[in-house]
Amino acid sequence: MRFLKVDRKTVDLVGNEKLKASASVKHLALPCNKAATAQVIPDIIRCYSHGGRTIIFTETKDSASELSGNTGVAVMLYEPRYKHSVSRLERESGVKFEHISAPQPTDVAQSAGSEAADAIASVSDSVIPIFRQQAEQLLSSSSLSAADLLAKALAKAVGYTDIKKRSLLSSLEDYSTLHLQTGRPMWSPGLTSATWSW
C-alpha cells in the first residue's frame, strides 16, 4: 500500500468469499533459498508451463481482475525461514498450497526432451539429405544404439551435456538432501558422525 497514490481507489473482487483466489488454479509452494532462485525459476517455467504463457510476480500482484476465471498453476517461492508466513497466507486467502520441492534436473531434462522431440517431428524432410552422411558416420563409429545416440542428440539440442542433482530442501544445485534416522533421540546435530563413500 505504501507505493500506491494517495487518491487510489480500491476494488474488492472477492467480498466475503472464503476462497480469495481462483479455484481453477493449482497452487504450489516451493521452499527456495534466495541464492537458488535464478536456477529454479527457469526450471519451474519449463516443467509447469507446458509451452504456455508464464507470468511471474515478485512481491506484487498486478492485473488481478484479468487473471481471476484463467486456469493454470501458481507457484510461490519462499525462503524456508519464512515457512510460517505460508500458513498465514493460506488462512487469509483460503488457498491450500501443495508443498513441493524444486524440479530435479532430470524432470527438467525430460520436459525439455519432450519439447525437442515435438520440434524434431515438425522439421521438414528436406534437411535429411544434408545431414544423412554425418548421421550415418556417427552411427557406424559409435558403440551406442541408434536410440541412445538420438537421446544424446536431443539432450544436446536442448542444452544438456550432463545432469546435476538438486537439494530438495534448499533447491541448490550440487547439494543433496539427507534423511538421517537413529534408534534413539538426537539432542544435537553435533552428535552425528557419518562416513561417506561414492
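This is a predicted model: local features need pLDDT of at least 70, side-chain atom pairs count only at pLDDT 80 or more; totals for chains, interfaces and linings use all residues.

Analyst: **From a glycine to a buried arginine**

Gly-72 counts as partly exposed because its relative accessible area is 33%, a value between the cut-offs of 20% for buried and 50% for exposed. This glycine belongs to strand E2, which covers residues 72-78. Leaving aside residues up to four places away in sequence, Gly-72 touches Ser-24, Val-25 and Lys-26.

The mean pLDDT of the protein chain is 77, and 74% of its residues reach 70 or more. Confidence is highest in helix H5, with a mean of 93, and lowest in helix H2 (residues 64-67), with a mean of 44. Over residues 63-68 the pLDDT is below 50, and this stretch has 6 contacts in the model beyond near neighbours in sequence.

The protein chain contains 6 helices and 3 strands. Read from the N terminus, these elements follow the order β-α-α-β-α-β-α-α-α. The chain has 198 residues, of which 20% count as buried. Its accessible surface amounts to about 15,800 Å², with 55% of that area belonging to carbon and sulfur atoms.

Is Arg-166 buried or exposed? Arg-166 is buried, because its relative accessible area is 3%, and the cut-off for a buried residue is under 20%.

Which residues does Arg-166 touch, not counting those up to four places away in sequence? Its contacts come from several parts of the numbering: Gln-39, Val-40 and Asp-43; then Ala-102, Pro-103, Gln-104 and Pro-105; and then Ser-171, Leu-172, Glu-173 and Tyr-175. With Pro-103, a specific atom can be named: the side chain of Arg-166 reaches the backbone oxygen of this proline at 2.6 Å.

Side chains of opposite charge can pair when their charged atoms come close. Arg-166 forms a salt bridge with Asp-43, and the closest N and O atoms of this pair are 2.6 Å apart. Asp-43 and Arg-166 are both buried.

Arg-166 also meets Glu-173 in a salt bridge, with an N to O distance of 3.5 Å. The side chains of these residues are likewise joined by a polar contact of 3.5 Å. Glu-173 is partly exposed, because its relative accessible area is 25%, whereas Arg-166 counts as buried at 3%. Through salt bridges that share partners, Asp-43, Arg-166 and Glu-173 form one network.

How many salt bridges does the structure hold? It holds 4. One of them joins Lys-96 to Glu-90, with closest N and O atoms 3.9 Å apart, a distance that is also within the 4 Å cut-off. Lys-96 is exposed, since its relative accessible area is 65%. Glu-90 counts as buried, since its relative accessibility is 12%.

Ser-111 is found in helix H4 and is buried, with a relative accessible area of 17%. Beyond residues up to four places away in sequence, Ser-111 touches Arg-46 and Cys-47. Ala-112, which is also placed in helix H4, counts as buried at 0% relative accessibility.

Val-127 lies in the loop between helix H4 (105-121) and helix H5 (128-141), and it counts as partly exposed because its relative accessibility is 31%. Together with Val-123, Ile-128, Ile-130 and Phe-131, this valine forms a nonpolar patch on the surface, with about 450 Å² of accessible area in total.

Notes
Residues are numbered from 1 along each chain as its sequence is written. Side-chain values use heavy atoms; hydrogens and water are left out. Patches are made of residues with over 30% relative accessible area and no salt bridge: like charges are joined within 9 Å, nonpolar side chains (Val, Leu, Ile, Met, Phe, Trp, Tyr) within 5 Å. Accessible areas come from the Shrake-Rupley method with a 1.4 Å probe; for residues, only the protein chains shown count as cover. A salt bridge is a side-chain nitrogen of Lys or Arg within 4 Å of a carboxyl oxygen of Asp or Glu. Helices (H or I, at least four residues) and strands (E, at least two) are DSSP runs, numbered from the N terminus. Buried means under 20% relative accessible area, exposed over 50%, partly exposed in between (1.4 Å probe, protein chains only). A polar contact is a pair of N or O atoms within 3.5 Å; within protein, one must be able to donate a hydrogen and the other to accept it, and residues adjacent in sequence count only if both atoms are side-chain atoms. Contact means heavy atoms within 4.5 Å. pLDDT is the predictor's confidence in each residue, from 0 to 100.
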